[in-house]
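My entries follow in the order of the look-ups.

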Amino acid sequence: MRRKREESVRRDCLLTVALLVLATLIAYVFFVMSQLTTNIAIVYVMFIVLIARYTSGYFWGSLASVVAVIAINYFFSEPIMELNFVKDGYPITFLGIFGISLITGTTTANLKEHQQMLLESEKEKMRANLLRSISHDLRTPLTGIIGASQACLDNPDMDRAELRQMLKSISEESNWLLNMVENLLSITRIGSGETLVKTSLEPIEEILYESIQRVKKRYPMADIHLELPDAILMVAVDSILLIQVVINLLENAIKYSGTTKPILVTVSKKEKWVLVRVRDYGRGIPIEQMKHLFDGTYICTDNRSDSKRGTGIGLSLCKTIIEAHGGEIGGKNHTRGAEIYFLLPMEDEEDGSKNTDIDY
């Protein structure tokens, strides 16, 4: 923490010095061309605003205001290259310049501080949404564990094969629960910039098969079609995190599309990217909600009691995971429903550049 503070002070100091030097050079050009100190004062005020905007707190803007008044007096007022604050008219003039510079700088700093407060407020809202989402996501495996264990307790004479199947289910759900908790912790660290995802080369088709299998266990009546290219496409990902993304997208399509029509998952190669689409054939996404799809505030509304269970924050977490892998995610409506798609860099992606002109 102390090191970060020192680096911030050093950066602000260098930025302030650099901008004041640049302001002085520009002011000198104006002075040579017009000999008017009013233009010079305007130049310094502009740079004081920039200093206040791009440094922390009020100190650097206030310091820049003092330095600007001294610089105007020393470099651009008679007698040149001398400080003289007592000549007739000078005190009022320079107090005026100092007052304008100081007020402008502090106002800019205050606006920046206000923006930071709004940002913190949004973070708190996101944190609350995250907690609500976690409670929902953890409830599903916990319900399975409780149900299976209760069945074992209520039936002491249960057939050995059936008992083994129940214990296997408890083990699988427990491991999935553990992975989910670890992944949620990883996501929070990713969002704060404390860590990077641990990736390994995986075939995208295996990740999709695993995701669909897990969704089928929860929704056995779901009709999910998978279309794959002829070539095996490899991606460098954390497979558990990516499986969670695909499961989230498939569950949203099942629960919120408002239809029992098949869900289509397609994979294709777009230059140096792997493009995965999850398409449903339901009611689509309201146009006015499209811009909020991944910011954690989108809520799907229907007549069911569970229609507000974490839809928006789930997509927000998907965005966090995909972007942590260097990818992109988006959503759109098609003629008969909605589609969420994401791109991941191929395993031979070396330069890390993004082609935003890809036709989705």
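I began with the outward side of helix α6, where Gln213 and Lys217 are exposed. I note that the model is a predicted one.

I then listed the buried residues of α6: Ile204, Ile207, Leu208, Ser211, Ile212 and Val215. These residues lie on the same side of α6, because the arc they cover around the axis is only 130°. The general rule is that an α-helix has 3.6 residues a turn, so residues three or four places apart point the same way.

I checked the length of α6 next. Its 15 residues should span 21 Å at 1.5 Å a residue, and the end C-alpha atoms are 22 Å apart, which agrees.

What do the buried residues of α6 pack against? I found β1 (200-203), β2, β3 (234-237), α7, β4 and β5.

I turned to the sheet. It is open and has 5 strands in the order β2-β4-β5-β7-β6, with mixed pairing. Strands β2 (224-227) and β6 (328-334) each have a single partner strand and stand at the edges, so one side of each lacks a neighbour in the sheet. On average, neighbouring strands are turned by 20° against each other, direction ignored.

Helix α7 (residues 239-256) lies across β2, β4, β5 and β7 (337-345), at about 170° to β7.

Key
Residues numbered from 1 in each chain as written. Predicted model: local features only at pLDDT ≥ 70, side-chain atom pairs only at ≥ 80, totals over all residues. Heavy atoms only, no water. Pairing = 2+ DSSP bridges. Helix = DSSP H or I, 4+ residues; strand = E, 2+ residues; numbered from the N terminus. Axes fitted to C-alpha atoms, helices over the stretch in contact; angles between N-to-C directions. Contact = heavy atoms within 4.5 Å. Expected span 1.5 Å × (residues − 1). Buried < 20%, exposed > 50% of the residue type's maximum accessible area, 1.4 Å probe, protein only. Arc of directions from axis to C-beta.
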